[in-house]
Amino acid sequence: MDNLQLRTDLELLASSMEGDRKAFAEIFERYHDLLYQHAYNKVRDRDEANDVIQEVFVKLWNIKAGTQVQNLSAYLYTMVRNQIFSLIQHKEVVSVYSNSFQDFKQNGSVEADYLIREKQLNEIINKEIAALPPRMREIFELSRKEYLSNKQIAEKLNLSEHTVADQIKKALKQLRLKVGGPAMIIFYLLNK
């Protein structure tokens, strides 16, 4: 019988911590199947159970000499439990991001398209506003961008309220002709 099989778990672990590959292999042989079965009973997926056990043994190999372990079996089962918790937590994070991505795929591209179209429409409308006669443009911008009433505009520019109302009406008519009816309604609603 091999000398390694006569050694206790803690003796094997102490040797493994010092880089003894044979001692580590013996620990692996003693515990792999038991730990795998335990992990599989918890996660119910062969690949995930294998990943958990592989990670546990990688961590076990990387344990530094001097780490205090009283019971190797309990230590390994605790490592499996913690690794399963990490796996579950990782799956939850992935699920949140996946759901977020799905929402973006379904709604984000529509929103992005809407925002691009809105920006293009605003550029067209602003270009047409800039092309209005100077006094008409000034009155229109005071009304739609600074939200002044006809009375306030009339007082500010020393005009009659009737002239202000008439200029706004003419500006809207010109913009409707240049930009189009539905687009103007959107603009009017956005900037009212």
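Reader: How many residues does α3 have, and what does α3 reach from its first C-alpha to its last?

Author: Helices (H or I, at least four residues) are DSSP runs, numbered from the N terminus. The expected span of a helix is 1.5 Å times one less than its number of residues. In this structure α3 has 16 residues and reaches 23 Å between its first and last C-alpha, close to the expected 22 Å. This is a predicted model: local features need pLDDT of at least 70, side-chain atom pairs count only at pLDDT 80 or more, and totals for chains, interfaces and linings use all residues. Residues are numbered from 1 along each chain as its sequence is written, and side-chain values use heavy atoms, with hydrogens and water left out.

Reader: Which residues of α3 are buried?

Author: Buried means under 20% relative accessible area, exposed over 50%, and partly exposed in between (1.4 Å probe, protein chains only). In α3 the buried residues are E48, A49, V52, I53, V56, F57 and L60.

Reader: How many aromatic pairs are there?

Author: Rings of Phe, Tyr and Trp (its six-membered ring) pair if their centres lie within 6.5 Å; planes under 30 degrees apart count as stacked, over 60 as edge-to-face and the rest as tilted. The count is four aromatic pairs. One of them, F24 with F57, is edge-to-face, at 6.1 Å centre to centre and 90° between the planes. F24 lies in helix α2 (residues 21-43) and F57 in helix α3 (residues 46-61), so this pair ties together parts 33 residues apart in sequence. F24 is buried at 15% relative accessible area, and F57 is buried at 5%. Ring pairs also link F24, F28, F57 and W61 into a cluster.

Reader: What sits over the ring of Y40?

Author: A charge sits over a ring if NZ of Lys or CZ of Arg is within 6 Å of the ring centre and within 35 degrees of the ring normal. Here the charged end of R46 lies over the Y40 ring, 5.3 Å from its centre.

Reader: How many salt bridges are there, by the count?

Author: Side chains of opposite charge can pair when their charged atoms come close. A salt bridge is a side-chain nitrogen of Lys or Arg within 4 Å of a carboxyl oxygen of Asp or Glu. The count is seven salt bridges. Among them is the one between E48 and K91, at 3.1 Å from N to O. E48 is in helix α3 and K91 in helix α4 (residues 72-130), 43 residues apart, and the pair links distant parts of the chain. E48 is buried at 17% relative accessible area, whereas K91 is partly exposed at 40%.

Technical notes:
Helix = DSSP H or I, 4+ residues; strand = E, 2+ residues; numbered from the N terminus.
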